[in-house]
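Subject: Structure for your review

Dear colleague,

Please find below the structure I am handing over to you. My findings follow it.

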Amino acid sequence: MSTDGSGDRREDPPPPQNNGSGAIASIGGGNGVVSGDSSRPFVPSQRLRLNPNKDHKPDNYDDLQLDFNPSIFSSLEPYLPPSMLSVSREAKVQFMREILLRYLPQGEQTRAQRHREYRQKIISNYQPLHRELYAMHPATFFVPQFLKAINDNTEEGFRSIMSEPSPGVYTFEMFQPHFCELLLHEVENFENWVNEAKFRIMRPNTMNKFGAVLDDFGLETMLDKLMEGFIRPISKVFFSEVGGSTLDSHHGFVVEYGKDRDVDLGFHVDDSEVTLNVCLGKEFSGGELFFRGTRCDKHVNTGSQSEEIFDYSHVPGKAVLHRGRHRHGARATTAGHRINLLLWCRRYFYVSCSVFIMHIFKWKIN
């Protein structure tokens, strides 16, 4: 969000041009539809538990076609009544789905359905240029020293490849030049398709008017693996106070700066717990990131201490990792064309499932 209150957040997707699929809403990256009549009255036959069964290991629902993100079902399962913990996954899904559909606000269901239809239309029509980008290939994506630190998975190993030039701001070499080049080509190919198809796309957030949401044209699974396998282990060590070990969702996008693109980016905070920012290229001048410390919402516009003031010059392939609440902005790109990959990492399901479960308990409690 912007520190002036304008809000740096994702936009609602534009209305789909071919509505009428009848698909049930998809929430937070759901991957399909489970059959069932969501319009019939919900008549519960059993109640959720007030306290979760901490000894119960939830099922994994990733391989099912669901109208809610699989993580929601895994998070809700420990609250099921004892008699349901041993039934089939399909029976658990039906029970939990009816609860979710009953209590999810209609406006959120509509918004999510529109987003799902919008994304499905892109993916069904866009032809990827470099399909190898759509699956995680660590040996060809990352520089060797970064990959070694991840495999060692120790604080000492992480610190050996990272610098902390300002409190809470970490920099390190991350991507190989070839990966950056392939991703730049893929983004350019997608933008060419958008222009030729005259397809109106959703931009990354309300502050950037150029760029693209990578999740929307098929890169969501790869970016999930990037967050889970490579950013979360680091965040567990360096950002534990904001839930670095429980990051479970992301918003992945590229931003573009230069002539006929965005020029700079105002002082703001991100809609994330942890933000990864990696320059992909190309040749450019200017565009430095400036950091000004972390504040709560109430004091987000207060001044900075000298030790909080830090400017960072982008280097292709090099990453910057910081809290989403760390105040920052981007200076003007004065020449050339700069493209950066951003991954806003969140603990969405860990938090929102807890809130949602408590909301349900107002009506369905032991």
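A residue is called buried here when its relative accessible area is under 20%. Please bear in mind that this is a predicted model.

By that cut-off Glu186 counts as buried, because its relative accessible area is 0%. Glu186 is found in helix H7. Leaving aside neighbours within four places in sequence, the residues in contact with Glu186 are Tyr126, Pro128, Leu129, His130, Leu133, Tyr134 and Phe217. With one of these, Tyr126, the Glu186 side chain forms a side-chain polar contact of 2.5 Å. His130 lies 56 residues from Glu186 along the chain, yet their C-alpha atoms are separated by 6.5 Å.

Helix H7 itself has 21 residues, and the distance from its first C-alpha to its last is 30 Å, close to the 30 Å expected at 1.5 Å a residue. Besides Glu186, its buried residues include Phe179, Leu183, Phe190, Glu191 and Trp193. Among the elements that cover the buried residues of H7 are helix H3 (106–125), strand E4 (249–258), strand E6 (274–281) and strand E12 (333–346). Just after the helix, Lys198 takes a positive phi of about 55°.

Turning to the nonpolar cores, the largest comprises 58 residues, and those with the most contacts inside it are Phe142, Phe146, Met174, Leu226 and Leu276. Helix H7 (residues 177–197) supplies the largest share of this core, nine residues. Apart from it lies another core of 20 residues, including Phe68, Phe73, Met96 and Tyr103. In general, nonpolar side chains tend to be buried together in soluble globular proteins.

Beyond its neighbours within four places in sequence, Met174 is in contact with residues including Phe141, Val143, Ile231, Val278 and Lys318.

Helix H2 (residues 89–103) was checked in a similar way. Its 15 residues should span 21 Å at 1.5 Å a residue, and its end C-alpha atoms are 21 Å apart, so the two values agree. Met96 and Tyr103 are among the buried residues of H2, as are Lys92, Arg97 and Glu98.

Finally, strand E8 (residues 289–294) pairs with E9 in the antiparallel sense over four bridges. Within this pairing, Asp311 of E9 is the bridge partner of Phe290.

Yours sincerely

Technical notes. Residues numbered from 1 in each chain as written. Predicted model: local features only at pLDDT ≥ 70, side-chain atom pairs only at ≥ 80, totals over all residues. Heavy atoms only, no water. Core = buried A, V, L, I, M, F, W, Y, C linked by side-chain atoms within 4.5 Å. Buried < 20%, exposed > 50% of the residue type's maximum accessible area, 1.4 Å probe, protein only. Helix = DSSP H or I, 4+ residues; strand = E, 2+ residues; numbered from the N terminus. Contact = heavy atoms within 4.5 Å. Expected span 1.5 Å × (residues − 1). Polar contact = N/O pair within 3.5 Å; in protein donor to acceptor, adjacent residues only side chain to side chain. Pairing = 2+ DSSP bridges.
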